[in-house]
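Open the model in your viewer and keep the selection panel handy.

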Amino acid sequence: MLRRAWKPIAASLVVAGPAYYFYTSRDQTFELPVRVKDSDGKKQIVMKTLPLLPMTSINSSLRESSTAVTKSRPYGVTWHHTTAALPSNDPIEDAHSHQIIQSDDGKSDLLFFSVFDGHGGRNTSQLLSRTLINAVALKLSQLAASTTASSSTKSFTDGLWAIWSKSPPNSTPTSWDVPSISSAIENAFVEFDQVLLDAPISILKQTLQVGNSTAKSPVPDLSSNASGIQTMQAAISGTCALMALFDTAQKDLYIACTGDSRAVAGVWKPTADGKGTWEVDVLSEDQSARNPKEVERLRSEHPDDEADNVVMNGRVLGGLEPSRAFGDARYKWPIGMQELLNQVYMAGNGTPLRKPPRTFKTPPYVTSRPVVTHRKLSFEDPSSLRFLVLATDGLWDVLTPEEVVTLVGGHLAGLKGTIPKSTLPSLVPTSVANAGVDGKAGKHLARSTKQGSWAFVDDNLSTHLIRNALGGGDEKELRQIMSIPAGTSRRYRDDITVTVVWWEAGKENEAESVTVKSKL
């Protein structure tokens with residue numbers, strides 16, 4: 001359906017040949033400035049010669065973790081989603097998850113998709129990838145049960161679907177609406193983060209209650225307590241979180257954003273000539289200390305004498321760039337609590353906590369509360385939101401929302417080969433309906449120019465976006481950035497995780513699921 005609708009665009013293009021695959025050069029190395037320590041311990045920049053990896057290795061790395069899923073549902077909509085991730089940190093600190101909750105009658109779904117951008121380790125992002133969707137679903141179920149008669153006899157899905165059913169059986173009159181659901185999602189994020197921060201404290205309290213401390217040391221040593229260390233690591237590392245919730249019964253889309261990952265939608269607008277154009281709708285704001293709205297919020301939440309220190313050099317207290325995140329206890333626990341937990345859990349194993357920033361006075365400075373955005377969906381109207389891209393900030397460091405929508409729209413239209421960057425906008429026209437708030441303040445887009453070319457060589461949409469973020473059709477640039485080894489590469493690119501979701505209507509007779517992993 002989608003390709004038929006957009007075929008007029010694809011039919012008019014002329015693309016380059018297979019030169020993309022056959023790049024050759026006598027020079028199979030490149031030089032990179034690297035910071036090293038000299039014999040006196042001073043840091044200096046030296047040029048290091050690195051080998052260029054072959055394209056077979058590049059393609060293998062780009063496609064290694066990519067997946068593509070197609071699910072045709074009984075209510076006549078086929079859902080497609082792809083995900084791909086590329087590490088820069090070793091191991092990768094990003095994570096992702098998805099889940100579908102089906103109504104009891106099989107006529108509706110709640111579809112959850114999320115990406116997580118971890119920092120200071122992968123503990124928090126990995127934990128949330130396993131648990132946050134369930135926490136939100138539980139909160140929504142509790143919201144339904146609070147105003148539904150005989151809730152004690154209802155199943156989890158009964159209670160959850162009471163929210164989305166216009167006339168649920170055995171229910172009292174309700175005022176379920178977008179604000180109520182948005183608030184439930186917000187509260188689920190905040191409450192989950194509080195549990196995360198309280199977990200090591202709870203283990204300490206339990207230990208004290210059973211009397212494991214001594215007269216010589218009233219503070220117990222839990223540095224070998226596996227559960228305690230695990231909860232500490234999840235609390236002191238951090239992650240941004242971006243979640244999409246599709247409600248097919250009410251045809252609603254909710255985007256919950258904590259941090260500086262970004263959600264961007266493509267809205268298809270047919271034109272009189274039978275073709276069409278894409279509108280770019282940015283559904284989240286970059287919640288970073290470079291976003292003027294976030295700076296104003298942070299300053300309003302702390303005493304006036306901290307106004308100059310709450311945000312310094314585009315970072316919270318001069319240290320953390322995202323202004324909203326899960327974990328990051330260093331910006332949330334009072335100093336006394338940090339010192340106590342450091343002594344209990346970390347000092348004994350030689351991994352002491354970093355001290356809080358010198359201007360740390362009135363915590364918390366970072367919140368997990370998301371900003372929730374809502375859009376209506378239509379599966380029948382050709383002039384409607386047609387796809388959604390969720391990505392960690394490694395993608396947005398180098399691609400604009402307009403470029404991403406153009407790249408996805410061109411891929412869905414069937415473009416193939418390499419296409420000059422200056423040419424693609426005429427083949428896949430776009431306009432910006434909502435630009436959102438860019439919290440990166442011009443620090444990105446070093447490779448996103450009108451020079452060079454885009455590559456349409458990947459079947460997987462998420463891999464397609466990652467490839468084009470790192471060089472696209474400019475093979476030498478792609479090989480260079482992909483040839484920088486882990487550790488050094490973090491200075492040049494971040495971890496990248498991308499999920500793309502799109503759908504087609506009119507597929508009532510194809511109610512089966514197919515999962516395909518990209519071939520290397």
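This is a predicted model.

Now pick C240. The nearest cysteine sulfur belongs to C257, 7.6 Å away. A disulfide needs the two sulfur atoms within 2.5 Å, so C240 is in no disulfide. Is C240 buried or exposed? C240 is buried, at 1% relative accessibility.

Move to C257. For C257, too, the nearest cysteine sulfur is that of C240, at 7.6 Å. C257 is in no disulfide. Its relative accessible area is 1%, so C257 counts as buried.

Zoom out and color by secondary structure. The chain has 13 helices and 20 strands. Switch to a surface view. Of the 520 residues, 52% are buried. Next, display contacts between residues at least 6 apart in sequence. Of these, 74% join residues at least 24 apart.

Now select helix α13, residues 475–483, and go to S483. Its relative accessibility is 9%; the cut-off for buried is under 20%, so S483 counts as buried.

Which residues does S483 touch, leaving out those up to four places away in sequence? They are F30, P51, L52 and L53. Stop at L53. Its backbone nitrogen lies 2.8 Å from a polar atom of the S483 side chain. Show that pair as a distance label to finish the tour.

Key
Residues are numbered from 1 along each chain as its sequence is written. This is a predicted model: local features need pLDDT of at least 70, side-chain atom pairs count only at pLDDT 80 or more; totals for chains, interfaces and linings use all residues. Side-chain values use heavy atoms; hydrogens and water are left out. Helices (H or I, at least four residues) and strands (E, at least two) are DSSP runs, numbered from the N terminus. Buried means under 20% relative accessible area, exposed over 50%, partly exposed in between (1.4 Å probe, protein chains only). Contact means heavy atoms within 4.5 Å. A polar contact is a pair of N or O atoms within 3.5 Å; within protein, one must be able to donate a hydrogen and the other to accept it, and residues adjacent in sequence count only if both atoms are side-chain atoms.
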